[in-house]
Amino acid sequence: MADSRPLSPHLSIWKWRVHMATSIFHRISGNALVFAGLTLFAWWLAAAATSKEAYASFAAVADSPIGWIVWVGLSWMFFQHLMSGIRHLIMDSGWGYALGTSKMTATWVFVGAILLTAAFWAVFFFGPGLR
Amino acid sequence: MATDFQSASGLKRVRGLGSARSGAHHWWLQRVTAAGNLVLLIWFVASVLMLPNLSHSGVTAWIAQPLVAVPLILLIFSTFWHARLGVQVMIEDYVHAEGLKLLAFIALNFFILAAGAVATFSVLAIAFGA
Ligand code: HEM
């Protein structure tokens, strides 16, 4: 059915632009937040509600090398999605469609996400809490 | 408005079968939950960073406070709802066979409701000191 519909003959003619990258990263980060983020979030809460032992098994995984890779990746995906999500909401208001502006905000989504991720871990390790 | 088009004739629109189906409402709820996520997740991330530690006793004592448990439950509703809407769009874009699409929607809804129920119940259990 869907296969028999006519397609544009120009679908394969395009090149990478930073605003395209923000778009596909919004999708990748959103879905990563659902399938890794929400699952781990629910497990964390369930473990805390169940017992000290259940929480210890969660903490063992969370504190493992793979766990740390996931936390760093998830924090980056979170700030990436947050930044491009805000960009979406701003563009919904009608602002930011001029080519130069759109490119500039898309670039800031990537830069901002990296800076926020770095800031998050800086506060995590050196901030006033968590010791 | 699309009222002149055959493809969006009265009955089809009532049955939600026009090309937009129930898309505008979906789009709007994605925005409302996005705003909810933004506020609640900034609160959550900042609060977790300020906790003295992430031990079992520390975390449960934190969640047990009403002014933590209530926003946490709001956060669960907002993020899980937003997630359901968002993943649905992804499925609609990539899964075109009707049967497979239906299965994917059902699996998505089961996952969201199950994980959301576990998360909500856990917060309540901690808050009411189970
Ligand atoms: C930090 C606050 C957040 C904001 C401001 C935000 C914003 C948005 C917006 C505006 C959209 C719609 C994009 C579109 O119409 O194309 C969206 C999509 C999405 N969001 Fe979020 N979001 C946030 C947090 C989250 C969280 C925590 C999750 C995971 C639970 C999530 C998962 C998704 C998914 C899966 C999509 C669909 C992406 C796609 O098109 O495939 N978002 N988000």
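Reader: Which helix gives the most to the shell around the ligand?

Author: The model is a predicted one. Helices H1 (18-50) and H3 (65-92) of chain A, and helices H2 (23-50) and H4 (66-94) of chain B, each supply at least two residues of that shell. With seven residues, the one that gives the most is H1(A).

Reader: Which chains surround the ligand?

Author: There are 23 residues around the ligand, and those that come nearest are His26(A), Arg27(A), His81(A), Arg31(B) and His82(B). The site is shared between chains, because the ligand is surrounded by residues from chains A and B.

Reader: How many residues of the shell around the ligand are nonpolar, polar and charged?

Author: The shell comprises 23 residues around the ligand. Sorted by class, they are 10 nonpolar, 11 polar and two charged.

Reader: What kind of aromatic pair do Phe78(A) and Phe79(A) form?

Author: A pair of aromatic rings is described by the distance of the centres and the angle of the planes. Over all chains the count comes to 23 aromatic pairs. For Phe78(A) and Phe79(A), the centres are 4.9 Å apart and the planes stand at 65°, which makes the pair edge-to-face.

Reader: Is Phe79(A) buried or exposed?

Author: A residue counts as buried when its relative accessible area is under 20%. Phe78(A) has 13% and is therefore buried. Phe79(A) has a relative accessibility of 9%, so the word for Phe79(A) is buried.

Reader: Why is the pair of Phe120(A) and Phe124(A) called tilted?

Author: Planes under 30 degrees apart count as stacked and those over 60 as edge-to-face, with the rest being tilted. The ring centres of Phe120(A) and Phe124(A) are 6.2 Å apart and the planes are at 35°, so the pair is tilted.

Reader: By about how much of the helix are Phe120(A) and Phe124(A) separated?

Author: Phe120(A) and Phe124(A) are both buried, and both belong to one aromatic cluster that also includes Trp68(A) and Trp121(A). They lie four residues apart in helix H4 (residues 99-126) of chain A, so the separation is about one helical turn.

Conventions. Residues are numbered from 1 along each chain as its sequence is written. Chains are lettered from A and ligands numbered from 1 in the order in which they are written. This is a predicted model: local features need pLDDT of at least 70, side-chain atom pairs count only at pLDDT 80 or more; totals for chains, interfaces and linings use all residues. Side-chain values use heavy atoms; hydrogens and water are left out. A residue is near a molecule or strand if one of its heavy atoms lies within 4 Å of it. Ala, Val, Leu, Ile, Met, Phe, Trp, Tyr, Cys and Pro count as nonpolar, Asp, Glu, Lys and Arg as charged, and the others, Gly among them, as polar. Rings of Phe, Tyr and Trp (its six-membered ring) pair if their centres lie within 6.5 Å; planes under 30 degrees apart count as stacked, over 60 as edge-to-face and the rest as tilted. Buried means under 20% relative accessible area, exposed over 50%, partly exposed in between (1.4 Å probe, protein chains only).
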